[in-house]
Amino acid sequence: RQVGAQENGRATLARDPAAPSSSDEPIRLVNPRFVGRDEKGRAFVLTAVSATRDPQDYQRVLLDKPALVLDEEGPDPLRITGGAGVYHEGNRKLEVSGGVHLSGAKGAFETAESLFDTRTGELVGSGPIQGSGPLGEITAKSYGVYDKGDRMVFKGGVHTRLDKQ
């Protein structure tokens, strides 16, 4: 059914909003785009194929194929992608899992899961990681990325192969 209305002297045509099929269905967004800044003022953009609010915990947003870009307009943006994710609005942390890929000017890394704190801009992971950068290749059991990638800490069973410069 269509409804006519007057707006600034012009007639407009609009559809009545569709009634929700059930008030118990979770809120779902298609192609969401969330933007924000960490406590140091660095911008980040979080996108996904879809986002669904967890009906059991309203502070949790379930993400399908999330992609996070830190400092997108800066000289060295860091990109984090994965198969699935959960954004916790209460503590502003993003969990990414399922083939997580981290990439930037300083290298590219693969890991099982990562936790990004949108307040501090820090990224940590307790699962195995492997990747390569300008100095060579590295594998480790856990990692942390601090200061927007300026400082990376690898722990547990760290193996490296350094390339000659």
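**Figure 1. Salt bridge between Arg60 and Asp54 in the predicted model.** The closest N and O atoms of Arg60 and Asp54 are 2.9 Å apart; a salt bridge is a side-chain nitrogen of Lys or Arg within 4 Å of a carboxyl oxygen of Asp or Glu. Asp54 is buried, with a relative accessible area of 12%, whereas Arg60 is partly exposed at 25%. Buried means under 20% relative accessible area, exposed over 50%, and partly exposed in between (1.4 Å probe, protein chains only). This is a predicted model, in which local features need pLDDT of at least 70 and side-chain atom pairs count only at pLDDT 80 or more, while totals for chains, interfaces and linings use all residues. Residues are numbered from 1 along each chain as its sequence is written, and side-chain values use heavy atoms, with hydrogens and water left out.

**Figure 2. Salt bridge between Asp38 and Arg42.** The two side chains meet at 2.7 Å, N to O. Asp38 is buried at 10% relative accessibility, and Arg42 is buried at 18%. By the rule stated for Figure 1, the count comes to five salt bridges.

**Figure 3. Salt-bridge network of Glu137, Arg161 and Asp163.** A salt bridge of 2.5 Å, N to O, joins the side chains of Asp163 and Arg161. Asp163 is partly exposed, with a relative accessible area of 32%, and Arg161 is partly exposed at 42%. Through salt bridges that share partners, Glu137, Arg161 and Asp163 form one network.

**Figure 4. Arg53 over the ring of Tyr58.** The charged end of Arg53 sits 4.2 Å from the centre of the Tyr58 ring. A charge sits over a ring if NZ of Lys or CZ of Arg is within 6 Å of the ring centre and within 35 degrees of the ring normal.

**Figure 5. Aromatic pair of Phe44 and Phe116.** Rings of Phe, Tyr and Trp (its six-membered ring) pair if their centres lie within 6.5 Å; planes under 30 degrees apart count as stacked, over 60 as edge-to-face and the rest as tilted. By this rule the count comes to two aromatic pairs. The ring centres of Phe44 and Phe116 are 6.3 Å apart and their planes stand at 75°, so this pair is edge-to-face. The pair links distant parts of the chain, 72 residues apart: Phe44 lies in strand S5 (residues 43-47) and Phe116 in strand S12 (residues 107-117). Strands (E, at least two residues) are DSSP runs, numbered from the N terminus. Phe44 is buried at 8% relative accessible area, and Phe116 is buried at 2%.

Key:
Helices (H or I, at least four residues) and strands (E, at least two) are DSSP runs, numbered from the N terminus.
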